[in-house]
Amino acid sequence: MKATVLRALFMWLVLFIILQPIFTYIDYLLDLQVKANTSYITQKAATEGMVTASMRSEVVSNLKAIGFPEASIEITSSTETVQERKQRIDVYVRAPRMNLFPYNFSAVAQPTQYYGHGSIMSEYLD
């Protein structure tokens, strides 16, 4: 009986050791998707001179397709008006970080959000 209990406890430890790198990789891929969508919306905003509603909805639908809740995706920009050529545009995208790790082995708290920041010069022409 004692051996069975020890084997069952050991199997859970082995399972955590095996799954931890997989969870870390999934977390990395989700972070990469937020950053890639930030870069995408930033590049599109350069030609328009601002972040438009259609750009926001496109990025929200991209992130929603990979599992982020639509209501919690936050897209902000440094300006709400059209920026003339050679003016800086900053775009920020935040999405909630899912808790993929069954146990935190460090004393440092994990971040609660994925964060992407992009900046570009406006290329808008009248």
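Gln33 is in contact with Leu63 and Ile66, once its neighbours within four places in sequence are left aside. This glutamine sits in helix α1 of what is a predicted model. Gln33 and Tyr114 are 81 residues apart along the chain, yet their C-alpha atoms are separated by 9.5 Å.

Between β1 and β2, the antiparallel pairing runs over four bridges, and Thr76 stands opposite Tyr92 in β2.

How are the rings of Phe68 and Tyr114 placed against each other? By the rule for ring pairs, the count comes to three aromatic pairs. In the pair of Phe68 and Tyr114, the ring centres are 5.7 Å apart and the planes stand at 80°; because edge-to-face pairs need planes over 60 degrees apart, this pair is edge-to-face. The two partners come from distant parts of the chain, 46 residues apart: Phe68 is in the loop between α2 and β1, and Tyr114 is in strand β3. Phe68 is buried, at a relative accessible area of 2%, and Tyr114 is buried too, at 0%.

Leaving aside its neighbours within four places in sequence, its contacts are Leu30, Val34, Leu63, Ile73, Ala95, Pro96, Met98 and Tyr114. Phe68 also belongs to the largest nonpolar core, a set of 17 residues. Those with the most contacts inside this core are Val34, Ile41, Val51, Leu63, Phe68, Ile73 and Ile75. At least two core residues come from each of α1, α2 and β2. In soluble globular proteins, nonpolar side chains tend to be buried together.

Asp90 lies in strand β2 (residues 88–96). Is Asp90 buried or exposed? Its relative accessibility is 10%, and since buried means under 20%, Asp90 counts as buried. The side chain of Asp90 makes a polar contact with that of Arg88, at 3.0 Å. Beyond its neighbours within four places in sequence, Asp90 is in contact with Thr76, Ser77, Ser78, His117, Gly118 and Ser119.

In the loop between β1 and β2 we find Lys86. Most residues other than glycine have a negative phi. Lys86, which is not a glycine, has a positive phi of about 75°. This lysine counts as exposed, at 66% relative accessibility.

Finally, Arg7 lies in helix α1 and is exposed, with a relative accessible area of 57%. From Arg7 to Leu125 the C-alpha to C-alpha separation is 69 Å, and the two are 118 residues apart in sequence.

| Residue | Relative accessible area | Class |
|---|---|---|
| Tyr114 | 0% | buried |
| Phe68 | 2% | buried |
| Asp90 | 10% | buried |
| Arg7 | 57% | exposed |
| Lys86 | 66% | exposed |

Technical notes
Residues are numbered from 1 along each chain as its sequence is written. This is a predicted model: local features need pLDDT of at least 70, side-chain atom pairs count only at pLDDT 80 or more; totals for chains, interfaces and linings use all residues. Side-chain values use heavy atoms; hydrogens and water are left out. Buried means under 20% relative accessible area, exposed over 50%, partly exposed in between (1.4 Å probe, protein chains only). A polar contact is a pair of N or O atoms within 3.5 Å; within protein, one must be able to donate a hydrogen and the other to accept it, and residues adjacent in sequence count only if both atoms are side-chain atoms. Contact means heavy atoms within 4.5 Å. Two strands pair if DSSP finds at least two bridges between them. Rings of Phe, Tyr and Trp (its six-membered ring) pair if their centres lie within 6.5 Å; planes under 30 degrees apart count as stacked, over 60 as edge-to-face and the rest as tilted. A nonpolar core is a set of buried Ala, Val, Leu, Ile, Met, Phe, Trp, Tyr and Cys residues joined through side-chain atoms within 4.5 Å.
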